[in-house]
Amino acid sequence: MDLLKLLNEMTVDEKLAQMTQLVPQIITDKGEGVITGPMRNFGITKKETSSVGTLLGASGAKQIKDLQDFHLSEDPHKIPLLFMADVIHGYRTLYPVPLGLGASFDVDLAEKCCAMAAKEASVGGIHVTFAPMIDLVRDARWGRCMETTGEDPYLNSKMSAAMVKGFQGDFSKDKIAACVKHFAAYGACDGGRDYDAVEMGDHTLREYYLPAYKAAVDAGVELVMTSFNTLNGIPSSANKYLVDDILRKEWGFDGIVISDFNAFYEMISHGICEDEKDCAKKALDATSDIEMMSTCFVKYGKELLEEGAITEKQLDDAVLRILRLKEKLGLFDNPYRAADEEAEKKIHLCAEHRELAREAAEKSAVLLKNDGVLPFDKNVKKVAIIGPVADHGMIGGWYCCGKSSEAISVIAGVKNAVPNAEIVFARGCSAHPNEKAEEVADLIDEAISLAKDADAVILCLGEEIDMSGEAHSRARISVSDSQTELIKRVCEVNKKTAVVFYCGRPLALEKIDDVSPATVIFWHPGTEGGNALANLLFGNVNFQAKLPMTFPREGQSPYYYNHLRTGRPNTNSGYCLGYSDTPYKPVYPFGYGLSYTSFDISAPVLSRTEMATDESITVTVNVKNVGNCSGIETVQLYIQDVTASVARPVKELKGYQKVCLAPGESATVSFDITIEELKFHTFCGKYDAEKGKFKVFVGNHSDIETFETFELK
Ligand code: NOJ
């Protein structure tokens, strides 16, 4: 296809429509899929919508083919529509929410899951997913923790690249284009309140928040979505520094920049634009290409052009980027691409996909505590399953085309794992965070009566899937009063209890940590959650995941392991870092997670204690499985730059390796440290390493205290 010729044949109005994204019902009066954001009447005409370039929220081969046919019958140049959707943790078969994938510390798994999602989405007619969302988050109160892979720039970057690779791969028909979001620093909103402002110096932005977006760009991501928030007073949609200077010029990104839902229009509310015309001008000047669900471009682009406030070259650059992606996806040759009702029937929820979803849920579950109650004996006679989230599939907030009814509940999973056991169920309480114990006294009593004589009790608590996600920030992250009381009462009558938390964010667990004999964080696990949990609790598979975010105490958020050093480090007394009403340390640190076996990790041995800038150091540890069953340990390497031109974090993750060991077996694990691992954004604005001492820590969580040192000469 000669794209330049096509571009030259398009009118200005058609170009502006090409740069607009709407939901199907606006152009056809037909229904829409799962989207988030306000709907309003744009007052645009049929003529304007007939050339629209992209749609969001449609799904399913039939609907998408119909929409494509309808559009092609109207569009004067027969330019196919691009269909985009939020395929965040699966399309029909759902795997754990991204925070759970983060906990797996397994990039191959993340890549495979995204490839599976791409395959299901592509036959469902989707061309682009609004994923990966890779916003670094330090505040557990933010609702969207569940959509990210956590608080660490290294882990997030690895996950970001793997997810882009999984979705896009070689661009064959069972792949879709990825859109990394939300550029930039959306997860750093004030107070953990979704949509709130972000004020952040360049150092923090570049050092922690930008790397994961950059990793997606380096992995060849096709689109970038700008975020709702202001960054230092400028909404991302109009942020030339972010989009034009950093993303396009510094990183060389030449793909599509799309706004978030209605975000251009919301610049009026931000107090940055006077009206929609001003929004269009500012967004275009920041080199935005697609306007999602507002109509500033179509309504005012032409007027701006006639007034000379924008140039046709600006429009042409944007339209060409959109047409190029359509061509790369093969839409000019086959506007349906992979959309196929028969393939949907075969591929969606197929055994292979369910298997992967189960494996992912198993590998994302974090065991935080085990006083020896787990794994449960498979010969149990009676299992009491208690809790508000035990009897339905916990598929996660971005369930796309998945259904809770197609997912495995805990009750169903346990029946599969121990088919001869009697299974009893009581709700016990709700998941509402403000529920008081006295409001559900009868339900708690009923649960106690079932728990008393059970051989195993599984308490399924935490958050329903709609309690985290967009616009679901929480001021308090503690386990509710009713759930805390239920845990206490059940554990009083039966110590053979596992407390399993379903959540889309870290919860403050200090009130239950002493009471619970065994604690599991299961996030929102997806289609195969129930089977995965039963496999873990009854010992068919072992736990291996690690926390991708610190689990703080109530009131400590934001709390993150890689915080800067201070002049007065915490010493638990006097005038030092900390609180006067709660301990300084979180309940569980980043990187923490147990297994049914245990591992000894020796002190790190360094291949040299001095290193020139062109040399490397090998750090070696010996890892031994000192327990009774096989298991996988994630060995983590952290460093600390002891003296630098700017304060450096107490620790930074620089590598990790998974090692699988049989009981009594040992392995040597080594990491190479080169100058790359030591670089940071220096006081002079360079990205470089500075000479001096470094500490090296190796362990199985971020709170490890023993270290060795070396010097960069
Ligand atoms: C708003 C959300 O912020 C974004 O992540 C999502 O992709 C869009 N809505 C479209 O649903």
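Visitor: Why is Asn-156 called buried?

Guide: Buried means under 20% relative accessible area, with over 50% called exposed and anything in between partly exposed (1.4 Å probe, protein chains only). Asn-156 has a relative accessible area of 1%, so it counts as buried. Before we go on: this is a predicted model, where local features need pLDDT of at least 70, side-chain atom pairs count only at pLDDT 80 or more, and totals for chains, interfaces and linings use all residues. Residues are numbered from 1 along each chain as its sequence is written, and side-chain values use heavy atoms, leaving out hydrogens and water.

Visitor: Where is Asn-156, and which residues is it in contact with?

Guide: Look in helix H8, residues 153–168. Helices (H or I, at least four residues) and strands (E, at least two) are DSSP runs, numbered from the N terminus. Contact means heavy atoms within 4.5 Å. Setting aside neighbours within four places in sequence, Asn-156 touches Ile-134, Asp-135, Leu-136, Thr-149, Gly-150 and Ala-212.

Visitor: What makes the pair Asn-156 and Thr-149 a polar contact?

Guide: The term needs a pair of N or O atoms within 3.5 Å; within protein, one must be able to donate a hydrogen and the other to accept it, and residues adjacent in sequence count only if both atoms are side-chain atoms. The side chains of Asn-156 and Thr-149 make theirs at 2.8 Å.

Visitor: How do you know that Arg-144 counts as buried?

Guide: Arg-144 has 2% relative accessibility, so it goes down as buried. You'll find Arg-144 in the loop between strand E4 (128–129) and H8. Its side chain has a polar contact of 3.0 Å with the side chain of Tyr-186. Leaving aside neighbours within four places in sequence, Arg-144 has contacts that include His-182, Asp-194 and Trp-398.

Visitor: What about Ile-347: buried or exposed?

Guide: Ile-347 comes in at 18% relative accessibility, and therefore it counts as buried.

Visitor: What makes H13 roughly perpendicular to H14?

Guide: Helix H13 (residues 276–285) and helix H14 (residues 296–306) pack at about 80 degrees, with axes 8 Å apart. Axes are lines fitted to C-alpha atoms, for helices over the stretch in contact, and angles run from 0 to 180 degrees between N-to-C directions. Under 35 degrees is roughly parallel, over 145 roughly antiparallel, 65 to 115 roughly perpendicular, and the rest oblique. So H13 is roughly perpendicular to H14. The residues of this contact divide into eight nonpolar, no polar and five charged. Here Ala, Val, Leu, Ile, Met, Phe, Trp, Tyr, Cys and Pro count as nonpolar, Asp, Glu, Lys and Arg as charged, and the others, Gly among them, as polar.

Visitor: Why are H17 and H22 called oblique to each other?

Guide: The axes of H17 (residues 351–364) and H22 (residues 529–537) come within 8 Å and cross at roughly 50 degrees. H17 and H22 are therefore oblique. Arg-358, Ala-361 and Glu-362 in H17 meet Asn-531, Ala-532, Asn-535 and Leu-536 in H22. Those contact residues divide into three nonpolar, two polar and two charged.
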